[in-house]
Amino acid sequence: MLAYVMDNQVRTELNQQKQNCWEVYLAEICEMLGARANVLSLDDLEKPRALAGIRTLIIGTQSGARISDKIASQLDLWVRNGGVLIGFNFQGLDHIFGIKSSGQITQKPDHYAISGYFELREHPITQDIHPILFSEQKLLILSDIRLTQLDTAVELGRLYDPAGGEMSESAVTWHSYGSGYAGYFAFDLAKTVWLLHQGRPIEQGSGNAASKTSLMSVVGNNSRKVPFADILAYLLQNMMSVYPQPFIYQIPPNLDQIPDALLYWTGDEYYGPAQLSLQASDFMKEKGLPYHINIASYHPATGKGHPLSLEELNHIQRNGHEVSLWFYMRDEKDEFSITEEKIKTQLDLFEQSFGYRPISTLMHATNWQGWTEPARWLTQQGSKADNSFFGAGLPGDHPGFNNPHFTFGYGTSFPYYFYEDYEHGNKKLDFIEQPIICYELGHRGSIAQSPQDKTTAAPEDVHLPINMAVKYHMTMNFFYHPVYIVKFPHCRKAIEEIVRYIDYMQASIMHMGNDQLCQWWNVRTASSVHVELEEEGENTSIGEDQKPASDIRLTTDCQNESGMIIKIAIPELEVSNVLCSDQETTFRIKWEFGRNWLYFIVPHGLHQIVILTSELDYQKAE
């Protein structure tokens, strides 16, 4: 069983001091990975049997700073007896982590500054999780850093200073301690991932060009081809997987197939003419692809929105496509601002015109204001997702803003839920961000700085994103405006090249629109998977009585009508079959990230899973 410490008393105290409780984001990191975890308080850890049945425990910086001597003693015994402890930048358990302290780097000038970098070292835990084509790019740290040197641990990541200079200290370590293990991050991983995802706030009144979500990105001048947050999550995932730890795969099954990646398709069409949306939808249907079109419901000069009729809407929906709302945030004086009133008005107008509330929407020209304010207002008005985070890192008046882009400007390809700041109790919003990753790739028509742009083909641009999506099993947003699809043949050829290249790779790809992805992510969040352990006795260790038998038994609760996929690392085991409620189910084994991973399909509802295993015969495997 997996657990992490998130103490509500610690959160309350920090919030009262006008500080964020960064470790609340451990819930989002586990959700991103599809790991289901118990949440423990510091009081829980004081209890004699607090760690009974727990095989892996994560402790963040802020709760780690409050660990008592009694808790430290119990953690020492627990790790010695087989537990896996993962800690972020706190003192007091250095002997368990196998490190010694030598100082600190303070993050400055603010929470959004890069305080250091680190570079992964060769180890089974780090294998292949950093894209090798960009291995020269060091990974980012956004928190205070504890300077630590090796004692008896091994180094997984070497620390570099904010200027990129190599230091003698380690950023990430791994330690064998008794029968257990301890992984240590010399920085606050939860804070780093949270800030990579949500970025820095945009002040009210910044103006249109300075209110782009692209300026919220904290990646700075580092490569936007590297999914920094995802790499941190994969590193954590490998540490979690010392014992068989099940994860809900980020992609649902495609009938009896286990997809390699998920692509979801979007475009904005603003104010018409409606024929652009119809023709673009027909083209995407012809290619067997879904499509999500955002249109306006209001313009202050006319009081009207997009001219799409109900009959035309039905045509698009019969194509299997989605129509949603594009927000326009200028007023009658052409002044820009995002307000709760404008959001409500435009949502209401869309619903009056088309009879339903939009699910996934997009802000005018990928604008934003504040940090979570628009997400909070949208949640209150019944919306479920946003597609405005475009991580190009450029202001709106930059000549290259509308160029084709392939960017992980928020450190991830995956959707993520918003979390509020300390003023709102660091609460999770039931609202998803769907970051734009691939924008108008494969053609040059969006640049429009010369007549040649419209006639320039660049279909090879789409290959790298597809390769990365397949290798790292990403959910990846592809954004193509209807007007470019209709008017620029090379835009259509770019989309056709994506289809052709996927077929050439013989990859299994799931395709969705934004609404469908949002619905999948929500039912995935509501689903669960747990390892069944046989517990006997009163000890708090990971003794033989608390380890699974040679066969791995799981309990699943799938809320998705078409099922879900479970993945689990099996480095020392050979799988002969997987039974779901006594029935054989589709499974496959893949060597990824330094170990064998078992993938198998689970249908809707409650099920008992038995993975029939035996110890791996290495001579046979060779």
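These are my notebook entries on what I looked up in one predicted model.

**Entry 1: confidence**

I started with the confidence scores. The protein chain averages a pLDDT of 93, and 95% of the residues score at least 70. I wrote a reminder beside both: where pLDDT is low, the predicted coordinates should not be read in detail.

**Entry 2: helix H9**

I went next to helix H9, which runs over residues 274–286 and has 13 residues. From first C-alpha to last, H9 reaches 19 Å, close to the 18 Å expected at 1.5 Å a residue.

Which residues of H9 are buried? I listed Ala 274, Leu 276, Ser 277, Leu 278, Ala 280, Ser 281, Phe 283 and Met 284. I kept a general point in mind while reading that list. An α-helix has 3.6 residues a turn, so residues three or four places apart point the same way.

What covers these buried residues? The cover includes two strands, S13 (261–270) and S14 (292–295). It also includes the helices H10 (310–318), H14 (482–487) and H15 (489–505).

I then looked at both ends of H9. Pro 273 is in the loop between S13 and H9. The peptide bond from Gly 272 to Pro 273 is cis, with omega near 5°. After H9 comes Gly 288, whose phi is positive, near 75°.

I picked Val 486, which is found in helix H14. Val 486 counts as partly exposed because its relative accessibility is 21%, and buried means under 20%. Val 486 and Leu 278 are 208 residues apart in sequence, yet their C-alpha atoms are 9.5 Å apart in space. Setting aside neighbours within four places in sequence, I found Val 486 in contact with Leu 276, Gln 279, Ala 280 and Arg 492.

**Entry 3: helix H16**

I checked another helix, H16, over residues 514–526. H16 has 13 residues and reaches 19 Å from its first C-alpha to its last, close to the expected 18 Å. In H16 the buried residues are Asn 514, Asp 515, Leu 517, Cys 518, Trp 520, Trp 521 and Arg 524.

**Entry 4: backbone details in loops**

I noted a cis peptide bond between Lys 108 and Pro 109, with omega about 10°. Pro 109 lies in the loop between strand S5 (99–105) and strand S6 (116–120).

I also looked up positive phi values in residues other than glycine. Asn 426 has a phi near 50° and sits in the loop between strand S19 (416–419) and strand S20 (428–433). Is Asn 426 buried or exposed? Asn 426 is buried, because its relative accessible area of 1% is under 20%.

His 473 has a positive phi of about 50° although it is not a glycine. Its place is the loop between helix H13 (463–471) and strand S22 (475–479). With a relative accessible area of 2%, His 473 is buried.

**Entry 5: Ser 223**

Ser 223 lies in the loop between helix H7 (189–198) and H8. Ser 223 and Glu 136 are 87 residues apart in sequence and 9.7 Å apart in space, C-alpha to C-alpha. Leaving aside neighbours within four places, I found Ser 223 in contact with Phe 134, Gln 137 and Phe 228.

**Entry 6: one cavity**

How many cavities of 30 Å³ or more are there? I recorded one. The largest cavity has a volume of about 30 Å³. Its lining consists of Met 32, Leu 33, Tyr 234, Gln 237, Gln 250, Phe 414 and Lys 567. Helix H2 (26–33) and helix H8 (228–240) each supply at least two residues of this lining. By class, I have four nonpolar, two polar and one charged residues.

**Entry 7: the second largest pocket**

I finished with the second largest pocket, which holds about 380 Å³ of space. The lining of this pocket has 21 residues, and Thr 61, Gln 62, Asn 89, Asp 144 and Lys 191 lie nearest its centre. By class, the lining has four nonpolar, eleven polar and six charged residues.

Note on methods: Residues are numbered from 1 along each chain as its sequence is written. This is a predicted model: local features need pLDDT of at least 70, side-chain atom pairs count only at pLDDT 80 or more; totals for chains, interfaces and linings use all residues. Side-chain values use heavy atoms; hydrogens and water are left out. Helices (H or I, at least four residues) and strands (E, at least two) are DSSP runs, numbered from the N terminus. The expected span of a helix is 1.5 Å times one less than its number of residues. Buried means under 20% relative accessible area, exposed over 50%, partly exposed in between (1.4 Å probe, protein chains only). Contact means heavy atoms within 4.5 Å. On a 1 Å grid over the protein atoms alone, a cavity is a set of points where a 1.4 Å probe fits but cannot get out, and a pocket is an open set with protein on both sides within 12 Å along at least five of seven lines; lining residues have an atom within 4 Å of a point. Grid points are joined across faces, edges and corners, and a volume is the space filled by probe spheres set on the points. Ala, Val, Leu, Ile, Met, Phe, Trp, Tyr, Cys and Pro count as nonpolar, Asp, Glu, Lys and Arg as charged, and the others, Gly among them, as polar. pLDDT is the predictor's confidence in each residue, from 0 to 100.
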